[in-house]
Amino acid sequence: MPTPVAPRLHDLLAPLAGGSLPVHLTAWDGSAAGADPAQAVVRGRLHSLGRDRAAISHHYDLSNDF
């Protein structure tokens, strides 16, 4: 049986991401790797004003302590 594709792809991409990938990969051969799919699920309407505002704030708003 051939080697599963998803773990190989994860191992190839992980160094570029600086560690384990924050997404769940499912390859065409049915293999899976990466984050737990229960934690990687995106909820809410994609690109709603409130959701995008929260994501931008989370990533770019720094406290004065920085």
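**View 1. Accessible surface and fold of the predicted protein chain.** The accessible surface of the chain comes to about 5,700 Å² (Shrake-Rupley method, 1.4 Å probe; for residues, only the protein chains shown count as cover). Carbon and sulfur atoms hold 60% of this surface. The model is predicted: local features need pLDDT of at least 70, side-chain atom pairs count only at pLDDT 80 or more, and totals for chains, interfaces and linings use all residues. Residues are numbered from 1 along each chain as its sequence is written, and side-chain values use heavy atoms, leaving out hydrogens and water. Two helices and two strands make up the secondary structure (DSSP runs numbered from the N terminus: helices are H or I, at least four residues; strands are E, at least two). Their order from the N terminus is α-β-β-α. Of the 66 residues, 17% are buried (buried is under 20% relative accessible area, exposed over 50%, partly exposed in between; 1.4 Å probe, protein chains only). Contacts are heavy atoms within 4.5 Å. Among contacts between residues at least 6 apart in sequence, 29% join residues at least 24 apart.

View 2. Helix 1 has 13 residues, and its end C-alpha atoms are 18 Å apart. Val-5, Ala-6, His-10 and Ala-14 are buried. Their cover includes strand 1 (24-26) and strand 2 (32-34). Gly-18 follows helix 1, with a positive phi near 80 degrees.

View 3. Leu-9, Leu-12, Leu-13 and Leu-16 make a nonpolar patch of about 400 Å². Patch residues have over 30% relative accessible area and no salt bridge; like charges are joined within 9 Å, nonpolar side chains (Val, Leu, Ile, Met, Phe, Trp, Tyr) within 5 Å. A salt bridge is a side-chain nitrogen of Lys or Arg within 4 Å of a carboxyl oxygen of Asp or Glu. Leu-16 sits in helix 1 (residues 5-17). Leu-16 counts as exposed because its relative accessibility is 75%.

**View 4. Asp-29 in the loop between strand 1 and strand 2.** Asp-29 is partly exposed, at 37% relative accessible area. Asp-29 touches Thr-3, Pro-4 and Val-5, residues up to four places away in sequence not being counted. Asp-29 and Pro-4 are 25 residues apart in sequence, yet 7.1 Å apart in space, C-alpha to C-alpha.

Technical notes
The expected span of a helix is 1.5 Å times one less than its number of residues.
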